[in-house]
Amino acid sequence: MRSHGLLLLAAVWLSASLSGHLGAAEPRSGYAFQSSDTQTLQDDDFQNPGMLWVDQGEVLFQTAAGGSGKACVDCHKDMQGVARSFPQRNPDTGQLMSLTQQIQHCRTTHQQATPIRYESTPALALSAYIGYQSTGLPFAPVPASLAIELERGEAYYYQRKGQLNLGCQHCHEDSVGEMLRGDKISQGHGNGYPIYRLEWQSAGSLHRRLRSCDIGVRAQPHQLGSQTYTEVELFLRQRAGSLPLEVPAVRR
Amino acid sequence: MALINTRISVPTQAQANTLVEIKTLVSHPMESGYRIDYMGEMIPRNILTRFTCEYLGQPVIEAEFGPGIAANPFMAFNLLATTTGELVFTWTDQHGEVSTETRTLLVVDP
């Protein structure tokens, strides 16, 4: 009996260390931690307010911009599953880029158009439209060529920071399911971004969420679109395991 | 007017004398006018004040919005389908600017 228990413990420990330090828990989407009202809002593609951004992104995707006179659709025909493999290394610059940064890059280099800000409506709308086409599919595994960035992202995640001296894991691994003021603490997965957040009354990026968390523990936040947050985004992609994307997610 | 886009759900067709559900979602900040920005300045109020829907020239619903309504207002209501005809949706903002959308409700006899 006792040896069985030990075996079980060993199995739990092994699966935990394989799935990116989530403890014994299976990855669960932030969706599972929302009230049924919020879940209903996300489930209905019509009611989901994030779809306002998806709609707008669809229009922008087909609108020619800049000196090239090209629209996104002139180069990109099929975007299904594309959001699964971001952040990824851009072959031109060698930089790690989130989907939004790739859109910004395309816009200035390939379309030769005026830059768009990271958290601007067009950036969120295009990211939501492209993300929506990967909804239901899991993230792609992180390739070995991104090992250094992945390691840095993981280090930031586990780094204690701010006046409260907390790392991400203190809430999103050790205190999952507990209440933080009016919110139930989730496992902190990034599979729904851009999300529509009821508190923001708007769509927002994962970087905005990370900034809010950093401000929450009274740490010095990084810029939206910073290398650090993109590396954390990469680590979160690996950490989410087989969790399907659900863009645009609705969160409290 | 800051109506970036509107989403309207009308059934593709309805049976005569049945209730059909109409849903609308519009993007609008619905800024209450009670908030201050990070510089301590008041953010001016910017809200929609009125929503109406007409079916066959008759009002189906008229709603007045105040500053307590959340951003991106969602409306759902039922109407009794009688004959094929036009649905006219209007949103009016606090400056009196009006945004209008129309849809055709196709009604078939059972």
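At what angle do helices α3(A) and α6(A) pack, and how far apart are their axes? In this predicted model, helix α3(A) and helix α6 (residues 121–132) of chain A pack at an angle of about 95 degrees, and their axes are 7 Å apart. That angle makes α3(A) roughly perpendicular to α6(A). From α3(A), the residues A:Trp53, A:Val54, A:Gln56, A:Gly57, A:Glu58, A:Leu60 and A:Phe61 take part, and they meet A:Pro122, A:Leu124, A:Ala125, A:Leu126, A:Ala128, A:Tyr129 and A:Tyr132 of α6(A). Sorted by class, this contact has eleven nonpolar, two polar and one charged residues.

On the side of α7(A) the contact involves A:Glu149, A:Leu150, A:Arg152, A:Gly153, A:Glu154, A:Tyr156 and A:Tyr157, while α10(A) brings A:Thr228, A:Glu231, A:Val232, A:Leu234, A:Phe235 and A:Gln238. By class, the contact of α7(A) with α10(A) has six nonpolar, three polar and four charged residues.

## Around helix α9 of chain A

In α9(A), the residues A:Leu206, A:His207, A:Arg208, A:Arg209, A:Leu210 and A:Arg211 are buried, and the buried residues of this helix pack against β6 and α10 of chain A. Just after α9(A), A:Arg218 takes a positive phi of about 60 degrees. Further on, A:Ser226 is found in the loop between α9 (206–216) and α10 (227–239) of chain A, and it counts as partly exposed, with 15 C-beta neighbours inside 10 Å. Although A:Ser226 and A:His207 are 19 residues apart along the chain, their C-alpha atoms are separated by 8.3 Å.

## A sheet in chain A

Three strands of chain A form an open sheet in the order β6-β5-β7, with mixed pairing. Strands β6 (202–204) and β7 (250–251) stand at its edges, and each has a single partner strand, so one side of each is left without a neighbour in the sheet. Strand β5 (residues 195–197) of chain A pairs with β6(A) in the antiparallel sense over three bridges, and A:Arg197 has A:Ser202 in β6(A) as its bridge partner.

## Chain B and its strands

Chain B has zero helices and nine strands. A compact globule of 110 residues would have a radius of gyration near 13 Å, whereas chain B has 16 Å. The C-alpha trace of chain B spans about 60 × 20 × 20 Å along its principal axes, and of its 110 residues 15% count as buried. Among the contacts in chain B between residues at least 6 apart in sequence, 58% join residues at least 24 apart.

Strand β1 (residues 6–9) and strand β3 (residues 18–26) of chain B pair in the antiparallel sense over four bridges, and the bridge partner of B:Thr6 in β3(B) is B:Val26. Strand β3(B) also pairs with strand β6 (residues 74–81) of chain B, in the antiparallel sense over eight bridges, with B:Glu21 standing opposite B:Asn78 in β6(B).

## Backbone details in loops

Most residues other than glycine have a negative phi, and most peptide bonds are trans. The table lists some backbone angles that depart from this pattern.

| Residues | Feature | Angle |
|---|---|---|
| A:Phe86 and A:Pro87 | cis peptide bond | omega about -5 degrees |
| A:Tyr193 and A:Pro194 | cis peptide bond | omega about 0 degrees |
| B:Asn17 | positive phi | phi about 60 degrees |
| B:Met30 | positive phi | phi about 45 degrees |

A:Pro87 is found in the loop between α4 (72–75) and β1 (88–89) of chain A, and A:Pro194 lies in the loop between β4 (183–184) and β5 of chain A. In chain B, B:Asn17 has its place in the loop between β2 (14–15) and β3, where it is exposed, with 11 other C-beta atoms within 10 Å. B:Met30, in the loop between β3 and β4 (48–55) of chain B, counts as buried, with 22 C-beta neighbours inside 10 Å.

## Where the chains meet

The contact between chain A and chain B takes nine residues from chain A and eleven residues from chain B. Helix α3 (residues 51–61) of chain A gives the largest share of the side of chain A that touches chain B, namely four residues. By class, that side of chain A has four nonpolar, four polar and one charged residues.

Note on methods
Residues are numbered from 1 along each chain as its sequence is written. Chains are lettered from A and ligands numbered from 1 in the order in which they are written. This is a predicted model: local features need pLDDT of at least 70, side-chain atom pairs count only at pLDDT 80 or more; totals for chains, interfaces and linings use all residues. Two residues are in contact if their C-beta atoms, placed from the backbone, lie within 7 Å. Helices (H or I, at least four residues) and strands (E, at least two) are DSSP runs, numbered from the N terminus. Ala, Val, Leu, Ile, Met, Phe, Trp, Tyr, Cys and Pro count as nonpolar, Asp, Glu, Lys and Arg as charged, and the others, Gly among them, as polar. Two strands pair if DSSP finds at least two bridges between them. Axes are lines fitted to C-alpha atoms, for helices over the stretch in contact, and angles run from 0 to 180 degrees between N-to-C directions. Angles under 35 degrees count as roughly parallel, over 145 as roughly antiparallel, 65 to 115 as roughly perpendicular and the rest as oblique. The radius of gyration is taken over C-alpha atoms; the globule rule is 2.2 Å times the number of residues to the power 0.38. A residue is buried if 20 or more other C-beta atoms lie within 10 Å of its own, exposed if 12 or fewer, and partly exposed in between; C-beta atoms are placed from the backbone.
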